[in-house]
Amino acid sequence: MSMSASASVPASPDPWSRAFLTFQFGLLVHFGTLRYVRSSPILYPDPPTYYAAVLLLHQYWVYLQHCNVLANPLCQRLDRRYGVALLRRDRHWSIAGTLSAYWCRESLGLFLCLPFLTGAATRYLVVYSLAYHAVKSAGVRRDARRRCSPPGGVLRIVIDRFYHHSAAERATSAARLALQGSDTWIHLRVVREMAGAAGTAEQAAVMRIFWVWVAHAAANQYFGMSTASLMVHAWTGLANRRKKAERKVERKKVEKKVESDDDESSSSSATETTSEDSFLLVSPPSPDRSLEVDDADPYVVRSLLRPGRASADLPDGGAAAEGVDAAVRLETT
């Protein structure tokens, strides 16, 4: 009875309902944040420059994303289903590349905000956040290399559900909520300090960036496609482009060695070119149809990330692996 109850997954609302609920969630977060910022004392008395205003808008966008991931179960479900589908295809490096790119952008934005922060506590919290994201990027790179994630591994924690069946699971879920909540709170503090002395133009820009964000979040729910899918397709395109270049180099080497049989060499070259072009012209499958697979098993992430499930003969991460390495180097510099 307990197994059947735990395996049952509530039906997802229809696309319009998901989009509308996400829109309402965004309104609640936005106007609640504005009320909190306006009621706070002005910590940065000088009017913000254009550079500071751009950083403020970026921080507010990241803050809204954090709130959506932290407190919107529809966003959590969408990201988890997409992550599970990628794990089933052994695309560990695609997930690692996407997460590292997000965390590197977030760390760079926080670092650039440091000169505009006057509160000593906020500056220390930003430094902690930079170290926190560097540790996460290094952890997700390690999990992608070994294609598994132990209990407490970054890849498993990011994709897995929040469990409460045992004391250990409740402690892990509480730690995850504390880490994600503290990270969101740090962005809120940065936004509060940088928006304290914002003028009318900056406030109008914040309002416009919110409408863009909430329309984007609602569209994600309506079409059932996570923003991360665009990053995954980008990594896939880079990997395919590199494979095409490598095959062209190998084909030229073969053509130089086999000069006696020109007809056979040209026919094989034409056949290979056709197969490559047809492979590259096929666009990645729509996440809504083939990647976002419903995970009825509540422990599917643990099963997919267990040691030994993925084959050791899988190719390396290619462009995605290099991107993760670059992100880790940038965050630890």
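In this predicted model, in which local features need pLDDT of at least 70, side-chain atom pairs count only at pLDDT 80 or more, and totals for chains, interfaces and linings use all residues, Tyr222 counts as partly exposed because its relative accessibility is 31%, where buried means under 20% relative accessible area, exposed over 50% and partly exposed in between, with a 1.4 Å probe and protein chains only. Residues are numbered from 1 along each chain as its sequence is written, and side-chain values use heavy atoms, with hydrogens and water left out. Phe223, at 54% relative accessibility, counts as exposed.

Rings of Phe, Tyr and Trp (for Trp, the six-membered ring) were taken to pair if their centres lie within 6.5 Å, with planes under 30 degrees apart counted as stacked, over 60 as edge-to-face and the rest as tilted. By this rule the count comes to eight aromatic pairs. One of these joins Tyr128 and Tyr132, which are stacked, at 6.0 Å centre to centre and 15° between the planes. Both tyrosines, Tyr128 and Tyr132, belong to helix H6 (residues 120-146) and are four residues apart, about one turn of the helix, helices being DSSP runs of H or I of at least four residues, numbered from the N terminus. Tyr128 is partly exposed, at 37% relative accessibility, whereas Tyr132 is buried, at 14%. The ring centres of Tyr222 and Phe223 lie 5.0 Å apart with the planes at 85°, so this pair is edge-to-face; ring pairs also link Trp16, Tyr222 and Phe223 into a cluster.

A charge was taken to sit over a ring if NZ of Lys or CZ of Arg is within 6 Å of the ring centre and within 35 degrees of the ring normal. Arg176 lies over the face of Phe162, at 4.0 Å from the ring centre, and Arg302 over that of Tyr163, at 4.5 Å.

Methods
Helix = DSSP H or I, 4+ residues; strand = E, 2+ residues; numbered from the N terminus.
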